[in-house]
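Here is a short briefing on some helices and strands. Look at the structure first, then read the points below.

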Amino acid sequence: MLPKKRGAGEAELGKLQKKAKPDELEASLVVGKQHGSVMASDGSPSEIDEDLHSRQLAVYGRETMRRLFGARVLICGLQGLGAEIAKNVILAGVKAVTLHDSGNVELWDLSAQFYLTESDVGKNRALACLDKLKELNAAVEVSTHVTEITTDFLANFQVVVCTDVSLAKAIEYNDFCHSHNPPIAFIKTDVKGLFGSVFCDFGPEFTVVDVDGEAPHTGIIASISNDSPALVTCVDDERLEFDDGDLVVFSEVHGMTELNDGKPRKVKNCRPYSFYLEEDTSSFGAYKKGGIVTQVKQPKVLKFKPLKEALKEPGEFLLSDFAKFDRPPLLHLAFQALDAFVTELGRYPAPADASDAQKLIALAKSINELAGDSKLESLDESILKSFASGARACLNPMAAMFGGIVGQEVVKACTGKFHPLVQFLYFDSLESLPDELPTAEDVKPLFSRYDAQISVFGYKLQQKLEDAKVFVVGAGALGCEFLKNLALMGVSCGSKGKITLTDDDVIEKSNLSRQFLFRDWNIGQAKSTCAAAAAVAINPNLKAEALQNRVSSETETVFDDAFWENLDVIINALDNVNARLYVDSRCVYFQKPLLESGTLGTKCNTQMVIPNATENYGASRDPPEKQAPMCTVHSFPHNIDHCLTWARSEFEGLLEKTPAEANSYLSKPEEYKAAMRSAGDAQSRELLERVLEVLVDERCTSFEDCITWARKRFEDYFVNRVKQLTFTFPEDATTSSGSPFWSAPKRFPKAVEFSSSDPAHLSLIAAASILRAETFDIKIPDWAINAKKLAEAVDQVKLPEFVPKQGVKIETDEKATTLTSSGFDDESVIEQLINRLEEGTKTLPPGFHMNPIQFEKDNDSNYHMDFIAGLANMRARNYSVPEVDKLKAKFIAGRIIPAIATTTAMATGLVCLELYKVFAGHKVEKYRNTFANLALPLFSMAEPVPPKVFKHADLTWSIWDRWMIAGDLTLKELLAWFQQKGLSAYSISCGQTLLYNNIFPKHRDRMDKKVLDLARDIAKLEIPPNRRHFDLVVACEDEEGEDLDVPLISICFR
């Protein structure tokens, strides 16, 4: 069953804007679909489609997207690497991409070029893939150029990317680009077998606007000394992230107001909650209270050398693997030697050809002799031999990885966002090769689409890939890239192979900016089905089964023991930790390799989980995100995140939970009342109060009623509650210790006076009224979003005068988990509420029910984000917190994970390089886990961590072990089995059910019962007929009484 994505009444709501007349729309539209307008390079306005680019906007922001939309990019060479770069750049949304390739398609190209088919052989490469690349983003002008490039032609572009171009041509193009005014960014990149290179030259001077993409760090000030230098202390709400030498600005400082001048000041001696200011404040006013300190991000100017100079003086290379710190200088020579080889002989070295390898080594040595100060003392000839052997091949995983890296460099060149690569990156994955290197016989071409891959790995590994049984979990951004890679590699394309793909989600518009297998006509369809069909279109030999099941404990009848046992490898393409942990637990249980990866904006990580050799995914966890205390969110917010958290909570309470609770009462009133009476607690009382409020006290029967409700809510939230709070805690209030109550980080609030002439006020009223009407199934009039008519209706609402009350309890304890307090008379109050509810609902029409609204962030015409952003911003006004636009509100309240195609492509390429190692049967030393951040850029690779080993007496075990016990044992026999090993089993569980614990006397009566019977009777365990065992979790102590984590216990009873 696929999840429903469209809420009730949504279609009608979406039509409201269309019904308004054009002149009304211009002046009167108060809510609705909003786009960020940008200017294209020709000066014409161009809209950012926020539905499409929301995840990318979360990474780049509007200003960067504006610059990106004006850029023209030339990509030379449309083999695998060029196609990957083009895909990523087109998805990013530049103005125009021109594809240049004068060569024709060969069968060899199909190992890495996903937009070519066997029917394209003999056609021009650029022309053959033009239409498919155009489909990726209709807003990008994609064209081809199939003749020779002239320097005049290069002048049309902001960025020129060259793949498979000779050094002589590259130097010619680069010299022109470097000296052009303004400079044209130039990138040369190549993938040769398991080796890759990138060179960047963005001109004599290039300004980086934002070096890392991180939001400016802030702190809430607690004190400032009158000293030189001045000591600034911040509240311990959050650690400061300032570094020595950072520039900061101050605002809202009371007393020492001289610091509020907006002037950037340098900090030093930074500590977690304090820093020194390089300024003499001894003559400033004494600090009283308040203040926010904010980091000022500085632009950075970089000077690039042209390729001709950089080849001779490369400077520092960007390292990817610190175990190979001496590798880049060798590869710098190797790529030059290969260019010389091709220039001299007109071809690439033949695979596994000793003569050609020696020729390349000789060329490398001669180049090294002329290298001057950069000369290497010795050359590792074995690496150069491997380089020569695979030099002609473009492997898909390498193309995917470098396509992501270079695609991001193109974005940097167009926008100045993030730090460019300066200037060379070399990478190899020699560890992916089989331990026994392929012979000339192994790498002979089979005249198949996999010949390029066979030329590197040999036909034996290719056969293993084709016969592989693979489980891909997830068909989103990672899943699409993985399927493309696997199809090109030939994984599961043989008669014995099979890929099982599952994802329970459907395609939305926001997916299309990075989930490149989908098109706009797929919106609403199942992701797994569409992704599998698109992958089969890339390689018709792919054996893929698409499922729409979530992988969880609830679907173990679908993904049963036989399914898991039949798999060779599992590839996770998930976006949440809980699902990853479940798949990880299955892989540990069934002893299967798991290839794990994840992305967050420009960051990615990959983790290889290899049975008995590495720790599992669940062995290490990120620390949980810090949650704001409930009292802070509800009464003392001091940032916009607190305001948005509160607003999202109010949305769900008012529009989803309360209507759903009302329906529970309406559908089965007698059962509902009985349950409330039985519980008789504060929570039941609160639920009844909400149901009574929505069905009786504040029931709406017309749209005017909805406006009245919205206006009263505004007054309650932003006026009355603030007045009550400041009445209970006046501005001069003190704590029990005598210190000011309203000290940082608390901010003293002020009521917001409603005005129908304030567009923000009116927009909130409109959104609230429309959504309230939707919950009551009330027809929404055309004038609902007409500012003038809505204002007239709102001004008619009469409000009762509010008087603050004495003795109101407002929660201030940061450890409190609920705002509802129990009362001694809860039961009697519940009875009164039930009586009122029974009486009040007698007038409801027969069959009446409410329409609960589930929050949907990715539909800008449903008014959900208008309501949430409006609530949050009014609350921000209460507390003098900076407001945010609807897009930023969507990122925070919708918990949108920033995502871009470049990072996804790189991550999947890295994982697929590890997949070769799985089928080559490598030891753990050859595997690599990776963390990368394309913004910096940073690459950090390391050997996976081994599993934690436990020891007891002569026993050793890890998470990968399972103790199998044969026989239909009694509980006494099972305990004796542990005693023989010097262990005392004090607790035994099956699933979530406790079968035995030695602290319960009654459990001793179970000693003579079969453990299997206990599991069936107590845990209600159902064992499939084909299963011969069941599992137990046992807690043990050793002879000294120390707890030991023992493996899972499997009782083989059949």
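Helix H31 (residues 901–920) has 20 residues and spans 29 Å from its first C-alpha to its last, close to the 28 Å expected at 1.5 Å a residue. The expected span is 1.5 Å times one less than the number of residues. This is a predicted model: local features need pLDDT of at least 70, side-chain atom pairs count only at pLDDT 80 or more, and totals for chains, interfaces and linings use all residues. Residues are numbered from 1 along each chain as its sequence is written, and side-chain values use heavy atoms, with hydrogens and water left out.

**Helix H31**
- Gly921 follows H31 and has a positive phi, near 70°.

**Strand S29 and its partners**
- Six of the seven residues of S29 (residues 984–990) are buried.
- S29 pairs with S31 (residues 1029–1037) in the antiparallel sense over five bridges; pairing takes at least two DSSP bridges.
- Ser987 has Ala1035 in S31 as its bridge partner.
- S29 also pairs with S30 (residues 993–997), in the antiparallel sense over four bridges.
- Cys990 stands opposite Thr993 in S30.
- The hairpin of S29 and S30 has two residues between the strands, and Gly991 there takes a positive phi near 65°.

**Helices H26 and H29**
- The axes of H26 (residues 759–775) and H29 (residues 864–878) come within 8 Å and cross at roughly 135°.

How values were computed. Buried < 20%, exposed > 50% of the residue type's maximum accessible area, 1.4 Å probe, protein only. Axes fitted to C-alpha atoms, helices over the stretch in contact; angles between N-to-C directions.
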